[in-house]
Amino acid sequence: MRRDLLCIDLDSSIKGVDNIDGFEALRPPYPVELKGEGPMEYRRVGKHGLKVSELSLGAWLTFGAQIDQDTARECMLAAYESGVNFFDNADAYASGQAEMVMGNIIQELSRSELVISSKAFWPVGPGPNDRGLSRKHLVESVNNSLRRLGTDYLDLFFCHRYDPETPVEEVVRALDDLVHQGKVLYWGTSQWRGGQIAHAVGLARQWGLYPPAVEQPQYHMFKRDVVETELVEAAHQHGMGMVTWSPLASGVLTGKYNDGIPDGSRLAQQTWLRERLTQERIAKVRQLTEVANELGASMAQLAIAWLLRLPEVSSVITGASRASQVHENLKAADLKAKLTPEVLGRIEAILGNDPNAQS
Ligand SMILES: NC(=O)c1ccc[n+]([C@@H]2O[C@H](COP(=O)([O-])OP(=O)(O)OC[C@H]3O[C@@H](n4cnc5c(N)ncnc54)[C@H](OP(=O)(O)O)[C@@H]3O)[C@@H](O)[C@H]2O)c1
């Protein structure tokens with residue numbers, strides 16, 4: 001299955017770039033127009049040449065676990081046909097099954113059109129070296145992910161957390177080697193703090209090694225602090241992009257939990273996530289839903305579009321348990337234009353959690 005690509009006019013595509021060195025998204029006529037549900041913008045990963053769709057799809061808790069292969073395929077193809085090129089995964093998701101499921105679907109698609117990621121850090125076995133960021137585990141994890149995904153290279157590879165038990169020097173050198181081997185094209189961090197990232201970038205610069213190109217933080221309306229107080233600045237300092245996770249706070253930001261926990265929903269299955277559901281948050285979701293409805297959008301679309309207001313965000317990684325959610329969520333791209341300063345001000349007043357606000 002292939003998307004219909006229109007011809008690219010090289011001259012006009014270059015004119016479509018607003019700011020060569022900055023974080024501005026590429027605008028039409030680049031990217032090419034895609035057959036699907038509306039134009040998807042592609043953003044550079046920081047200062048790097050790689051472009052990712054501003055909305056992407058991840059496999060956590062769904063692929064290989066909550067949903068079967070057919071549903072995963074429907075979700076991934078719905079995203080792909082709407083212009084999503086970036087699909088996120090990790091070695092530990094469903095103990096490797098998430099990569100197997102995604103790998104089967106990738107075989108139907110054109111590999112060069114896709115940006116595929118994986119990660120390592122969390123335990124994938126009982127042994128002391130089946131976790132963390134040691135050179136041994138990073139190399140073995142990448143090799144296993146490549147096998148499960150049925151691909152020769154990962155476009156992005158993330159250190160899934162900071163590992164206090166492995167020197168940053170060892171991590172940076174191991175990732176540099178994996179890039180030189182062609183197994184990883186760009187490497188990044190996930191849930192690292194600004195100072196930890198600066199350390200890794202500093203060592204890479206000192207030794208002429210590939211530095212991290214991208215950070216993957218949790219970022220949504222109820223979780224803003226590290227991104228807005230540290231990582232935006234780090235992105236500018238180091239030319240890194242950000243691909244953010246859990247845009248809907250596991251579904252709380254859809255409003256689906258306003259009146260209880262529906263059967264079959266994520267919070268019904270993952271009881272440990274219920275701490276994200278507080279009465280205060282539900283009250284805010286109710287008020288935000290009014291804003292969304294006035295804009296002719298759903299709560300989920302408002303929550304996702306709001307994240308795209310930051311140019312440092314290269315892509316918002318969405319999650320879905322069915323294709324209808326993918327269709328709904330991807331329409332958030334159309335809502336961006338309606339997020340005027342006045343609307344953003346109303347959202348800020350409801351949230352009341354701007355981490356940079358003077359107290
Ligand atoms: N780097 C990391 O440490 C890390 C951590 C977590 C996630 N991630 C990445 O980020 C991706 C997205 O995270 P996430 O899955 O937590 O995102 P999310 O958007 O916060 O939650 C997605 C879940 O919300 C529900 N949902 C989504 N759209 C909906 C809609 N329109 N209406 C109603 N319910 C809807 C679905 O669950 P139900 O239908 O089951 O209720 C769906 O599986 C992951 O797949 C993964 O790739 C990375």
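**Reading a predicted barrel**

Colleague: What runs S3-S4-S5-S6-S7-S8-S9-S10 here?

Modeller: A closed barrel of 8 strands, with parallel pairing. Direction ignored, neighbouring strands of this sheet are turned by 30° against each other on average. Axes here are lines fitted to C-alpha atoms, for helices over the stretch in contact, and angles run from 0 to 180 degrees between N-to-C directions. This is a predicted model: local features need pLDDT of at least 70, side-chain atom pairs need 80 or more, and totals for chains, interfaces and linings use all residues. Residues are numbered from 1 along each chain as its sequence is written.

Colleague: How many bridges join S5 and S6?

Modeller: General idea: strands of a sheet pair through backbone hydrogen bonds, either parallel or antiparallel. Two strands count as paired if DSSP finds at least two bridges between them. Helices (H or I, at least four residues) and strands (E, at least two) are DSSP runs, numbered from the N terminus. Here S5 (residues 115-120) and S6 (residues 154-159) pair in the parallel sense over 4 bridges. Ala-120 stands opposite Cys-159 in S6.

Colleague: Take helix H5. Which of its residues are buried?

Modeller: Start with length. The expected span of a helix is 1.5 Å times one less than its number of residues. H5 (residues 168-180) has 13 residues and reaches 18 Å from its first C-alpha to its last, close to the 18 Å expected. Now burial: a residue is buried if 20 or more other C-beta atoms lie within 10 Å of its own, exposed if 12 or fewer, and partly exposed in between. In H5 the buried residues are Val-171, Val-172, Ala-174, Leu-175 and Leu-178. They cover an arc of only 165° around the axis, so they lie on the same side of H5. That arc is taken from the directions from the helix axis to the C-beta atoms. Their cover includes helix H4 (135-149), S6, strand S7 (184-190) and helix H6 (194-207). Just after H5, Gly-182 takes a positive phi of about 80°.

Colleague: What do the buried residues of H2 pack against?

Modeller: Strand S3 (55-58), S4, H3 and helix H11 (323-330). The buried set in H2 is Ala-72, Cys-75, Met-76, Ala-78, Ala-79 and Tyr-80.

Colleague: Now the loop between S4 and H3. Is Ala-92 there buried or exposed?

Modeller: Ala-92 counts as buried because it has 21 C-beta neighbours inside 10 Å. Leaving aside neighbours within four places in sequence, Ala-92 is in contact with Trp-122 and Val-124. Ala-94 is placed in the loop between S4 and H3 too. With 19 other C-beta atoms within 10 Å, Ala-94 is partly exposed.

Colleague: Which residues other than glycine have positive phi?

Modeller: Among them are Ala-94, with phi near 50°, and Ser-246, at about 50°. Ser-246 is in the loop between strand S9 (241-244) and helix H8 (266-269). Ser-246 is buried, with 23 other C-beta atoms within 10 Å.

Notes. Two residues are in contact if their C-beta atoms, placed from the backbone, lie within 7 Å.
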